[in-house]
Amino acid sequence: MFEAMVVGVSAGGLHALSGILSCLPLNYPIAILIVQHRHRDSDHFLDEYLNKLSAVRVKEAEPGEAILPAHVYIAPAGYHLLVERDKTLSLSIDPPVNFSIPSIDVLFQSAASCYKNHLIGLILTGASSDGSQGLKTIKEYGGYAIVQAPQTAEVDVMPKAAIELVDVDKIIPLEALGQFLIQDLLNSTVVNGGETDE
Amino acid sequence: MLAMKPEDMQEFEIHQLLEAIYFRYGYDFRDYSKASLERRILHRVQQSDLNSISEMVPRVMHETAFFELFLRDMSVTVTEMFRDPKVFKKLRQEVFIQLKTYSRVNIWHAGCATGEEVYSMAIMLKEEGLLERTRIYATDYNNHSLDIAKKGIYPAEKMQSYTESYLAAGGKASFADYYQAKFGSAKMAESLKEHITFANHNLMKDQAFAEMHLIVCRNVLIYFNPKLQDKVLALFKESLIARGFLLLGDKETIDFSEVKTSFETFSKKERIFRRKMYV
Ligand SMILES: C[S@@+](CC[C@H](N)C(=O)[O-])C[C@H]1O[C@@H](n2cnc3c(N)ncnc32)[C@H](O)[C@@H]1O
C-alpha cells in the first residue's frame with residue numbers, strides 16, 4: 001500500500017496540477033508533496049488557488065509538520081522541502097540543486113529513504129532536468145515511478161529527461177492521470193517495487 | 001531472520017557518525033534535522049571518495065582536519081543582503097522607534113553566516129541614526145564563514161540585486177555609498193564594521209554573553225529538531241532584556257516551543273516576537 005506521492009513540476013505546472021488535484025476525493029488515503037519551481041518571491045497564490053478547486057486540503061509545507069493522508073503540501077518558494085524519517089516535513093536554505101530551490105531531486109531523495117517502497121514519484125511538465133535523479137532514487141528504494149506522457153506536457157523537457165534516465169513504471173497522458181491515481185493505484189492493480197509488505 | 005536493508009543501514013551509520021563526533025568534539029548534531037544532514041554527509045562521502053558513511057567514523061575520530069571539513073560541509077549556506085526586504089522595512093518602521101528609547105543598544109545576529117544580513121542591519125541603523133549607540137554581535141559556529149564576514153568583501157555582480165532589495169527595504173540613500181567596488185568585488189565600509197563584533201558562538205553548547213535589545217536568528221532553527229529549538233529559544237529568552245525583540249526566519253515560529261508564553265507576537269507576518277515583562 002502506498003503512503004505518499006511526491007510530485008515534481010516546473011513550467012506549465014498550474015494547469016497540470018489543477019487537473020490532477022481536482023480529481024482526488026476528500027478522503028484520498030495518500031499524502032502528496034509537491035515541488036513546483038517558481039519565483040522566489042511568490043506568495044500564497046498557488047496553494048490557495050489549488051486548495052479552492054480541490055476536495056483534499058492543499059497547503060504550504062511548514063517545518064516540523066506531520067505528514068497526513070488526504071493532504072497536499074507545497075514547497076514554499078525559496079526553500080528546499082525534505083521529508084524526515086519520522087514522516088515530518090523540514091525546510092532548508094541549502095544551496096540550489098540543478099539551479100533550483102526548491103529542488104525536486106532534494107524532495108524525492110529524502111522521501112525515498114523515508115517511505116521506501118511505499119512511495120510514488122511523479123514527474124510532470126517542465127523545462128528542466130531536475131527530478132530525474134530523484135525519481136531514480138525512488139526506484140532504487142523500491143518505489144513506483146510515473147511520468148506524464150511528454151506529448152501531453154506543456155513543456156516536455158522534464159518528462160523526457162526522466163524517461164531517459166529512469167526505468168519508469170508508467171507513462172500516462174495528463175487527462176488520464178487523475179483517474180489512474182484514484183483507481184488503479186488504490187485498487188492495487190499496481191504492485192510497489194514487486195515487493196510484498198511486511 | 002530478516003536481513004537489514006541497506007537503507008536502514010544508512011540510518012544506523014549516520015547515527016554512529018554523529019555519536020562519534022559528539023564523543024570526540026562535543027558537537028551534538030544528533031539534534032539536527034536529519035534529512036538535510038544526510039544529504040550533506042552523502043556529499044562528503046562522494047567528495048572524499050569513500051565507500052560508505054562508516055568510513056567517515058575513524059577519519060573524524062583521528063583527523064581534526066577531516067572534522068573541520070565536515071563542519072564546513074554542515075554549514076555551507078546561502079545568504080544575502082536584505083533577504084525578505086519587507087521584514088527589514090518593518091524593523092525599520094516599527095522596531096527601531098522602540099530601540100531609540102535606549103541610550104545604548106545591543107543586537108545579536110545568531111547564525112550570521114558570511115555576514116550579509118549583518119551589514120544590511122548596520123546600514124539601516126546608520127540611516128535611522130541608531131548605529132552610533134549600537135553594538136552588533138554577529139556569531140556563527142563556522143569560522144570559515146566568519147572570516148568572510150569579517151572581511152566584508154562580496155562579489156560585485158551581486159550588488160545590483162542587493163540594491164533592489166535595499167530600496168525595497170526602505171533604503172533612504174544610495175546603496176553604493178556603503179561599499180567600495182574594486183576588481184570585481186565590493187568591500188563594505190569601515191564605518192559599518194566598527195560597530196560589529198564577529199565571534200564564534202555555537203548555539204548547541206555556548207552560553208549567553210550579553211544583554212540584548214534585539215536578537216536576529218533567521219533560517220537557523222529550521223535546521224534543528226524541536227528539542228534543540230527549545231534550548232536555543234530559552235537561551236534567547238535569557239539573553240533578551242524585558243520588552244526586547246526576537247526576529248526569526250520567514251518560516252520559523254515560537255508557537256510550538258516552551259518559551260511561547262514568555263513572548264508576545266509583535267508582527268506575525270514578519271516573524272517578530274517581543275519578550276514579555278515578567279515571565
Ligand atoms: C541558512 S544560514 C542563515 C544565514 C542568515 N541568518 C540568513 O538568514 O540569511 C544558517 C546559518 O546557521 C549557522 N549555524 C548552524 N548551526 C549552528 C550552531 N549550532 N551555532 C551557530 N550557528 C549555527 C550556519 O553555520 C549557517 O551560517
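A residue counts as near a molecule if one of its heavy atoms lies within 4 Å of that molecule. In this predicted model, 19 residues surround the ligand.

**The ligand and its surroundings**

- The residues closest to the ligand are Tyr32(B), Ser75(B), Thr79(B), Asp140(B) and Leu203(B).
- Sorted by class, the shell around the ligand consists of eight nonpolar, seven polar and four charged residues.
- The ligand is located in the largest cavity.

**Polar atoms at the ligand**

- In the side chain of Tyr32(B), an N or O atom is 2.6 Å from a nitrogen atom of the ligand.
- Asp140(B) places a polar side-chain atom 2.6 Å from an oxygen atom of the ligand.
- Leu203(B) takes part through its backbone, where a polar atom is 2.9 Å from a nitrogen atom of the ligand.
- The ligand taken alone exposes 600 Å², and the protein buries 98% of that area.

**Aromatic pairs**

- Over all chains, a search of the whole structure finds 23 aromatic pairs.
- One of the pairs is formed by Tyr25(B) and Phe67(B), whose rings are stacked, with 3.7 Å from centre to centre and 5° between the planes.
- Tyr25(B) belongs to helix 1 (residues 6–25) of chain B and Phe67(B) to helix 4 (residues 64–74) of chain B, so this pair ties together parts that are 42 residues apart in sequence.

**Features of the backbone**

- In chain A, Ile101(A) and Pro102(A) are joined by a cis peptide bond, with an omega of about 5°.
- Pro102(A) is found in the loop between strand 6 (89–92) and helix 3 (104–115) of chain A.
- In chain B, Phe82(B) has a positive phi of about 50°, although Phe82(B) is not a glycine.
- Phe82(B) is situated in the loop between helix 4 and helix 5 (85–99) of chain B.

Key. Residues are numbered from 1 along each chain as its sequence is written. Chains are lettered from A and ligands numbered from 1 in the order in which they are written. This is a predicted model: local features need pLDDT of at least 70, side-chain atom pairs count only at pLDDT 80 or more; totals for chains, interfaces and linings use all residues. Side-chain values use heavy atoms; hydrogens and water are left out. A polar contact is a pair of N or O atoms within 3.5 Å; within protein, one must be able to donate a hydrogen and the other to accept it, and residues adjacent in sequence count only if both atoms are side-chain atoms. Accessible areas come from the Shrake-Rupley method with a 1.4 Å probe; for residues, only the protein chains shown count as cover. On a 1 Å grid over the protein atoms alone, a cavity is a set of points where a 1.4 Å probe fits but cannot get out, and a pocket is an open set with protein on both sides within 12 Å along at least five of seven lines; lining residues have an atom within 4 Å of a point. A molecule sits in a cavity or pocket if more than half of its atoms lie within 2 Å of its grid points. Ala, Val, Leu, Ile, Met, Phe, Trp, Tyr, Cys and Pro count as nonpolar, Asp, Glu, Lys and Arg as charged, and the others, Gly among them, as polar. Rings of Phe, Tyr and Trp (its six-membered ring) pair if their centres lie within 6.5 Å; planes under 30 degrees apart count as stacked, over 60 as edge-to-face and the rest as tilted. Helices (H or I, at least four residues) and strands (E, at least two) are DSSP runs, numbered from the N terminus.
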